Amino acid sequence: MADAPKSAAPENAARPRRCGVIAIIGAPNAGKSTLVNALVGAKVTIISRKVQTTRIQIRGIAMEGASQLVLIDTPGIFAPKRRLDKAMVASAWAGAADADRVLVLVDAAKGLDEDVERLFAGLAGAAAKNPVLVLNKVDRVEDKGRLLALVQDLSSRLAFERVFMIAALSGDGVAELKRFLAERVPEGPWLYPEDELSDIPVRQLAAEVTREKIYDLLHDELPYRITVETDSWKELRNRSVRVEQTIYVERDSQKAIVLGKGGQTIKRISQASRTELTEIAGQPVHLFLFVKVREGWDRDPERYRQMGLEFPED
């Protein structure tokens, strides 16, 4: 009687584990958060059409075979005007300095503008580790000759290990980039459990989701004057969640705008945020939003600490 076939070994059993920290840096609105979400395969960081949406470093965790990729979504690098701006830019550069590898993300549709010039000027004076150039939104560029010229120009400014052309929103080219990173991260133990997608606490993620909806529904500069804090996240007996959050603004006039006529704006923000939080939590979420005036919140060191940012001195 023939021996029974042996069961196949797990795919990753014979391969050594690999793990690396990869920072994604770029100008505001280059698509850093969209790329992190695409690599992870789930939404772990908020996105918006408005620039400078990302305020803090968020680590997304992506698995590819026996490799764990710890992806740092950093704030956009731009010319800071306010104290919070300075803290965000400092956080972005710190993330790049601490990483095993740096992805330099450039919006191919915009090309070489002032923000990209500023980014590369900073890179020239920094010790970027194993930099990889990633041109994003290439699907928006009809003249492919422009892409090649942009690659040549940027490559003349910094020696890149590799160049990728992707469209993070649709996912084109993302799988190839992910495989490359998985092969290049160093051998070593994983830093997080295999099924973990992000290191952001659920309360902070909830606050970020609500802030994203504020960016989507309010206009001009007002969202940049707002911060959101999750005051409570309570599991109820009926397996639903009660979440209480406070939206802080700087002036009474801003509070009126957030509330809207007859409370219509705050209701829209609450509904949009509650829908997404329910999807994330996998259980019904009851969201209660409060709007309060906190003058000078962006000059309070405690607020920076809660966001994971260093408070910049004048």
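Which residue lies over the face of Tyr248, and at what distance from the ring centre?

Author: This is a predicted model, in which local features need pLDDT of at least 70 and side-chain atom pairs count only at pLDDT 80 or more, while totals for chains, interfaces and linings use all residues. Residues are numbered from 1 along each chain as its sequence is written, and side-chain values use heavy atoms, with hydrogens and water left out.

The residue over the face of Tyr248 is Arg294, at 3.5 Å from the ring centre; a charge sits over a ring if NZ of Lys or CZ of Arg is within 6 Å of the ring centre and within 35 degrees of the ring normal. Another such case is Arg242, which lies over the face of Phe288 at 4.0 Å from the ring centre.

Arg294 lies in the loop between β9 (285-293) and α9 (301-307), and Glu229 in strand β7 (residues 227-235), so the pair ties together parts that are 65 residues apart in sequence. Helices (H or I, at least four residues) and strands (E, at least two) are DSSP runs, numbered from the N terminus, and the chain has nine of each. Arg294 and Glu229 are both buried, where buried means under 20% relative accessible area, exposed over 50%, and partly exposed in between (1.4 Å probe, protein chains only).

The structure holds 17 salt bridges, and another of them joins the side chains of Glu276 and Lys213 at 2.7 Å, N to O. This pair links distant parts of the chain, with Glu276 in helix α8 (residues 264-281) and Lys213 in helix α6 (residues 202-217), 63 residues apart. Glu276 and Lys213 are likewise buried.

A further salt bridge, at 3.6 Å, N to O, brings together the side chains of Arg184 and Glu161. Here Arg184 belongs to helix α5 (residues 174-184) and Glu161 to the loop between α4 (144-157) and β6 (162-165), 23 residues apart. Arg184 is partly exposed, with a relative accessible area of 36%, and Glu161 is partly exposed at 38%.

Aromatic rings make contacts as well. Rings of Phe, Tyr and Trp (its six-membered ring) pair if their centres lie within 6.5 Å, and planes under 30 degrees apart count as stacked, over 60 as edge-to-face and the rest as tilted; by this rule there are two aromatic pairs. The ring centres of Phe120 and Phe160 lie 6.1 Å apart with their planes at 70 degrees, so the pair is edge-to-face. Phe120 sits in helix α3 and Phe160 in the loop between α4 and β6, 40 residues apart, and both are buried.

In helix α3 (residues 114-124) the buried residues are Val116, Leu119, Phe120 and Leu123. Seen down the axis of α3, these buried residues fall within an arc of 90 degrees, so they line one face of the helix; the arc is that of the directions from the helix axis to the C-beta atoms. On the other side of α3, Glu114, Ala121 and Ala124 are exposed.

Methods
Salt bridge = Lys/Arg side-chain N within 4 Å of Asp/Glu carboxyl O.
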